[in-house]
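Subject: The structure I promised you

Hello! Here is the structure I said I would send over, with the sequence alongside. Have it open on your screen while you read my notes below.

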Amino acid sequence: MTGKTLYDKLWDAHVVRREEDGTALLYIDRHLVHEVTSPQAFEGLRLAGRKPWRTDTVVAVPDHNVPTRDRDQGVTDPVARTQLETLQENVNTFGITFFPMSDVRQGIVHVIGPEQGATLPGMTVVCGDSHTSTHGAFGALSMGIGTSEVEHVLATQCLLQKKMKNMRVSVDGPVGPGVTAKDIVLAIIGRIGTAGGTGCAIEFAGEAIRDLSMEGRMTVCNMAIEAGARAGMVAVDDTTIDYVKDRPFAPKGEDWERAVAAWRELHSDADAVFDHEVHIDAADIVPQVTWGTSPEMVVPVTDRVPDPAAAGDPVKARGMERALEYMGLQAGMPVTDIRLDKVFIGSCTNARLEDLRAAARVVEGRRVAEHIKLAMVVPGSGLVKQQAEREGLDRIFREAGFEWRDPGCSMCLAMNADRLEPGERCASTSNRNFEGRQGLGGRTHLVSPAMAAAAAVAGHFVDVRAL
Amino acid sequence: MEKFDKLTAVVMPLDRSNVDTDAIIPKQYLKSVKRTGFGPTLFDDWRYLDPGEPGMDHSQRRVNPDFVLNDPRYQGARILLARKNFGCGSSREHAVWALTDYGFRVVIAPSFADIFFGNSFKNGLLPVVLDEAIIDRLFEAVQAHPGYTLTVDLEDQVITTPSGESFPFEVEPFRRHCLLNGLDDIGLTLQHADEIRAYESRRRAEAPWLFDAGPRA
Ligand code: SF4
């Protein structure tokens, strides 16, 4: 018998039953909820006269719609306010753990889950949000789901699912200095494409992944969905266990010892077979910048904007031309000639403490370039913000000309007031550069926090390694 | 859920790869707490020339005459013909609600993003995967013949062209069964409540820390 992959182990431990065609009922251990994708699910429960199966698995937080400043004035957008109030009512009605805007533990759902220890190794974790793949960094099976599935999980504690394929992406060897988790994952997406992982659970492995902190692993798993994979994951090791220990939701005492013993098994067996294997040489990865309107449209900062004429495939070439036009770029221009209007450091990809530290190191003693209209830092959670302030990072950012905001999704998707105006160009540490993602007509370039910070200072992209 | 068995309808071509759910329904409309009313803002950024906000009267907005959805020849289309990786990006089910609210019941593409694919079945929208070469031919046929229709038969899992050519497709049996009968899968799952409880007691013995899983002292 061949060994099991990490995904096989997580899957097998959670199957409640199987239909004849292989569709399984998968048990869910943790359900994270935010204001945007849950109201219709709660309403569905109510209409059907159903109750949540197990409320102790649910943790709710507002993040997508919350303002990132002047919170004392409340939420001024009436439509957003209704949605936030609806979440509040639902958690009250059903008795769900909730971190409201006024709570220091509030933040982006994918930042606060791990921060609280609500995400644990070996769990199945779901949330009505595609970046739920983030939590796979803990050796968990973690997937984004739609609102109907949110309702299904609330009502039954289970998800109906077919098993995905096993894919492993190994990043071999150590990365060079100045190369971050974000660069690793962008390089992976550049290599396998935005549909490269469709139908798969991706395990990220190799020395460069092992070397990452939990924050870095979360950054990588966060963007598994940008490679098409609903789930990304990393095997459990000491880094994982050290991070989880003593978090508020983490097991304690004897439970902790038992849990750790079980978690030690959460890795792919040496003889496990994957349906797809990809190897990337870490030494080849340099800081990355996306140039187009899909995360796979990415190049090294040292490179030039690519030429559609060289694409080969006509559908692809048309897509590239469209992207160049939308982005207002010329094929062949050096990436370092791309001038920016705004800089956004935030999102569930890169708004944890380590990200803010990395950006602050670049910014310290420097100033945001004259022509940059707005450079903002939006911490991933109230606790990240608090700790960053203890370390004086807020002062560094403010002195350099950055705005220092309250936690939330903010300009990652621009549902609140933080957005790009048509034609504006932004260096962003978020995960999606789709048309209009950060505001109608806005142009997004995805980069690491250090690269975003360096771009803010220079006013255009620069190779952060040369600073 | 509205059931789906067989449909003959006009086909609208959307000749772009990687159409993401942000494009299908932009973020400002996700503030709604309802499942309905998203049809007028389907493909909002492409469809209108002026910026849209929730609560607007969208019939008064400036339409983009170059966008296919506004082309008179595709009015009443209920089948969307698309390119690869349709529905990628955000998990927002609002994307499916916008498509169905507009009137689409079928999307045909060479591939779909996983979450969108699953969401479709929960809302009576049938995603059909066909070979890229067949899709290319269908794009040509739609362009060449105004009012081009297709017949999509879920029972027999086949798409038929007006000239009688047919293309078989596959749908997982369980999903097909639910869609054909318009079944509520929560109700189906709850029929197995005993099995879920049995799993829980097994699991509680193995991994007690997964239960009573709120903050711990
Ligand atoms: S930060 Fe962006 S990607 Fe992450 S959950 Fe919020 S909106 Fe989604």
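Let me start with charged pairs. Searching the whole structure, across all chains, turns up 47 salt bridges. Please keep in mind that this is a predicted model, so every distance below is computed from predicted coordinates.

**Salt bridges to look at**

As background, side chains of opposite charge can pair when their charged atoms come close. One pair for you to find is A:Arg17 with B:Glu195, whose side chains form a salt bridge at 3.0 Å, N to O. This pair crosses between chains: A:Arg17 sits in strand β1 (residues 15–18) of chain A, and B:Glu195 sits in helix α8 (residues 193–206) of chain B. Are the two partners buried or partly exposed? A:Arg17 has a relative accessible area of 19%, under the 20% cut-off, so this residue counts as buried. B:Glu195, at 33%, is partly exposed.

Next, stay within chain A and look for A:Arg168 and A:Glu277, whose side chains meet in a salt bridge of 2.9 Å, N to O. A:Arg168 belongs to strand β9 (residues 165–172) and A:Glu277 to strand β12 (residues 276–281), so this pair ties together parts of chain A that are 109 residues apart in sequence. A:Glu277 is partly exposed, with 39% relative accessibility.

In chain B, a salt bridge joins B:Asp212 and B:Arg204, with 3.7 Å between the closest N and O atoms. Here B:Asp212 is exposed, at 56% relative accessibility, while B:Arg204 is partly exposed, at 41%. Salt bridges can also share partners: A:Arg69, A:Glu403, A:Arg405 and A:Asp418 are linked into one network in that way.

**A buried glutamate**

Where does A:Glu424 lie? You will find A:Glu424 in the loop between β17 (403–404) and β18 (425–428) of chain A. Its relative accessible area is 6%, so A:Glu424 counts as buried. The side chain of A:Glu424 makes a polar contact of 3.0 Å with the side chain of A:Lys373. Setting aside neighbours within four places in sequence, the residues in contact with A:Glu424 include A:Asp341, A:Lys342, A:Arg419 and A:Arg443.

**Chain B and its sheet**

Chain B contains 8 helices and 7 strands. Its C-alpha atoms fill a box of roughly 65 × 45 × 25 Å along the principal axes, and 59% of its 217 residues count as buried.

In general, strands of a sheet pair through backbone hydrogen bonds, either parallel or antiparallel. In chain B, an open sheet of 7 strands runs in the order β4-β3-β2-β1-β5-β6-β7, with mixed pairing. Which strands form the edges? They are β4 (126–129) and β7 (166–168) of chain B, each pairing on one side only. From one strand to the next, the twist averages 25°. Strand β3 (residues 106–109) of chain B pairs with β4(B) in the parallel sense over 4 bridges, and B:Val106 stands opposite B:Leu126 in β4(B).

B:Gly76 lies in the loop between α2 (44–47) and β2 (79–81) of chain B and is exposed, with a relative accessible area of 55%. Its C-alpha atom is 6.7 Å from that of B:Val10, a residue 66 places away along the chain.

In soluble globular proteins, nonpolar side chains tend to be buried together. Here the largest nonpolar core has 117 residues, and those with the most contacts inside it are A:Phe402, B:Phe43, B:Phe86, B:Leu99 and B:Leu126. Helix α15 (residues 449–458) of chain A gives the largest share of this core, 7 residues. Among the residues that A:Phe402 touches are A:Val343, A:Ile345, A:Phe397 and A:Ala456. A second, separate core of 104 residues includes A:Ala41, A:Leu186, A:Phe204 and A:Ala224.

A:Ala41 leads us to a last stop, as one of the buried residues of helix α2 (residues 39–47) of chain A. Others in that helix include A:Pro39, A:Phe42 and A:Leu45. What covers them? The cover includes β3 (30–33), α3 (78–94) and α5 (147–156) of chain A, together with α3 (94–102) of chain B. Just after α2(A), A:Gly49 takes a positive phi of about 65°.

Happy exploring!

Technical notes
Residues numbered from 1 in each chain as written. Chains lettered and ligands numbered in written order. Predicted model: local features only at pLDDT ≥ 70, side-chain atom pairs only at ≥ 80, totals over all residues. Heavy atoms only, no water. Buried < 20%, exposed > 50% of the residue type's maximum accessible area, 1.4 Å probe, protein only. Helix = DSSP H or I, 4+ residues; strand = E, 2+ residues; numbered from the N terminus. Contact = heavy atoms within 4.5 Å. Pairing = 2+ DSSP bridges. Axes fitted to C-alpha atoms, helices over the stretch in contact; angles between N-to-C directions. Polar contact = N/O pair within 3.5 Å; in protein donor to acceptor, adjacent residues only side chain to side chain. Salt bridge = Lys/Arg side-chain N within 4 Å of Asp/Glu carboxyl O. Core = buried A, V, L, I, M, F, W, Y, C linked by side-chain atoms within 4.5 Å.
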